[in-house]
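Please look over both before reading the solutions.

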There are 2 protein chains.
Amino acid sequence: MERIYQGKTKDVYLLEDGNVRLFFKDEMTGKDGVFDPGENQIGLTVEGSGRSGLAVSQHFFERLNKEGVPTHFLGANLDEKTMDVKKAVVFGNGIEVICRFKATGSFVRRYGQYVEEGADLGGFVEITLKDDERQDPTINEDALVLLGILKEGEYEIIKEQTKKISEIIKKELADKGLELFDIKLEFGRGEKAGEVILIDEISGGNMRVFDGTTPVHPLDFGKYLFA
Amino acid sequence: MERIYQGKTKDVYLLEDGNVRLFFKDEMTGKDGVFDPGENQIGLTVEGSGRSGLAVSQHFFERLNKEGVPTHFLGANLDEKTMDVKKAVVFGNGIEVICRFKATGSFVRRYGQYVEEGADLGGFVEITLKDDERQDPTINEDALVLLGILKEGEYEIIKEQTKKISEIIKKELADKGLELFDIKLEFGRGEKAGEVILIDEISGGNMRVFDGTTPVHPLDFGKYLFA
């Protein structure tokens with residue numbers, strides 16, 4: 001099994017059948033030891049966080065597959081901390097698609113002249129480039145096409161899928177008494193022509209969720225979801 | 001005559017007939033004494049720069065009006081360093097619309113993972129908020145509508161007008177042997193319903209222009225345009 005990528009929170013292996021195995025590490029993004037999904041740095045190593053993130057991902061992916069949303073998910077092995085997925089090609093060097101229900105984080109830092117923390121954003125979607133060195137800059141549709149990252153029409157597909165996926169997850173969390181503020185998704189091109197599929201993971205590390213006024217720590221997601 | 005606004009490079013007065021008079025100051029944007037249209041700070045005071053910027057603005061506005069482009073321009077008085085314009089309401093607290101023909105400045109700082117300095121961008125358009133404190137963040141169409149800065153449909157109008165105006169200016173400069181790399185425009189809502197008009201000035205301070213490989217200083221525009 002060949003390791004084809006070593007990431008901050010996951011390693012990626014190529015399987016002999018052409019599919020891909022993700023190994024979930026016990027690393028979380030954050031700064032100064034505090035978890036922050038908006039951060040690019042690995043802030044902390046937490047025993048069990050890999051398995052926990054995987055269990056949450058598995059839960060959401062199975063739910064999305066049931067709803068007919070195209071994803072890369074094939075199956076998960078919690079004991080091995082691995083998730084098997086279909087091969088996908090990321091857009092450019094990777095883009096992050098953010099769906100925002102409540103204003104917080106970089107949205108308020110950027111647009112604070114017009115919006116207050118916690119304001120309703122109704123599922124607004126924006127895209128940032130994965131580029132630590134340049135602090136993951138936001139980018140508009142025309143620039144994504146101009147720079148060859150997206151093909152014409154893909155922005156609209158990604159936006160619609162993001163809204164659909166985020167609404168499903170928002171509802172799922174609401175059923176557990178939680179509120180989704182924002183969520184960060186990744187997409188790639190699948191093996192079929194024109195196919196855009198949800199990739200990466202869907203865990204607490206990718207979203208900001210509140211239990212009333214208290215932020216829910218990613219490691220506590222399981223307690224709510226699997227209670 | 002009541003002064004209604006005091007800007008970095010211009011003061012604005014309300015005329016009795018309801019129109020507006022702009023007074024061009026001898027201030028230029030830049031940093032550490034060096035002119036830079038991408039800067040928010042006033043970098044230098046240059047005797048004659050107000051009159052020079054006005055003459056260039058007048059030249060371009062007259063050209064645009066001839067081409068049927070809706071602008072706020074009514075007339076100019078070079079001796080008084082004033083330009084009379086129609087009243088317009090800016091979008092939100094002001095937005096800047098940038099048309100890029102060659103990659104440079106903040107575009108390369110943001111998207112340098114995908115683009116090299118000087119690469120052809122074919123008249124790509126993007127919008128930033130006027131917000132010095134937040135370094136004029138870029139903003140996409142959905143966010144502009146969400147935050148109430150633009151109404152549905154205005155983004156497309158602004159983008160098309162920006163492309164048209166920028167092409168006219170690019171051609172005008174090319175006729176003088178100069179190359180337009182990028183240009184920053186401002187728009188506002190006119191008094192007629194649904195009307196979007198070009199406002200502010202159109203001078204060397206709003207664009208990056210090259211004579212071969214040499215950047216043209218804003219104060220030298222007149223030499224080329226009026227030769």
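**Exercise 1: a residue and its surroundings**

Thr82(A) counts as buried because its relative accessibility is 11%, where buried means under 20% relative accessible area, with a 1.4 Å probe and protein chains only. The model is a predicted one, in which local features need pLDDT of at least 70, side-chain atom pairs count only at pLDDT 80 or more, and totals for chains, interfaces and linings use all residues. Residues are numbered from 1 along each chain as its sequence is written, chains are lettered from A in the order in which they are written, and side-chain values use heavy atoms, without hydrogens and water.

Task: state in which strand Thr82(A) is found, and which residues Thr82(A) touches.

Solution: Thr82(A) belongs to strand β8 of chain A, residues 82–85, a strand being a DSSP run of E with at least two residues, numbered from the N terminus. Leaving aside residues up to four places away in sequence, Thr82(A) touches Arg21(A), Leu22(A), Phe23(A), Leu54(A), Ala76(A) and Asn77(A), contact meaning heavy atoms within 4.5 Å.

**Exercise 2: the interface**

Task: describe how chain B meets chain A, beginning with the contacts and ending with a salt bridge.

Solution: In the contacts, 32 residues of chain B meet 32 residues of chain A. The area buried between the two chains is about 2500 Å², with 56% given by carbon and sulfur atoms; this is the accessible area (1.4 Å probe) lost on putting the two parts together, summed over both. Two salt bridges cross the interface, each a side-chain nitrogen of Lys or Arg within 4 Å of a carboxyl oxygen of Asp or Glu. Lys159(B) forms a salt bridge with Asp142(A), and their closest N and O atoms are 2.8 Å apart.

Notes: Helices (H or I, at least four residues) and strands (E, at least two) are DSSP runs, numbered from the N terminus. Buried means under 20% relative accessible area, exposed over 50%, partly exposed in between (1.4 Å probe, protein chains only).
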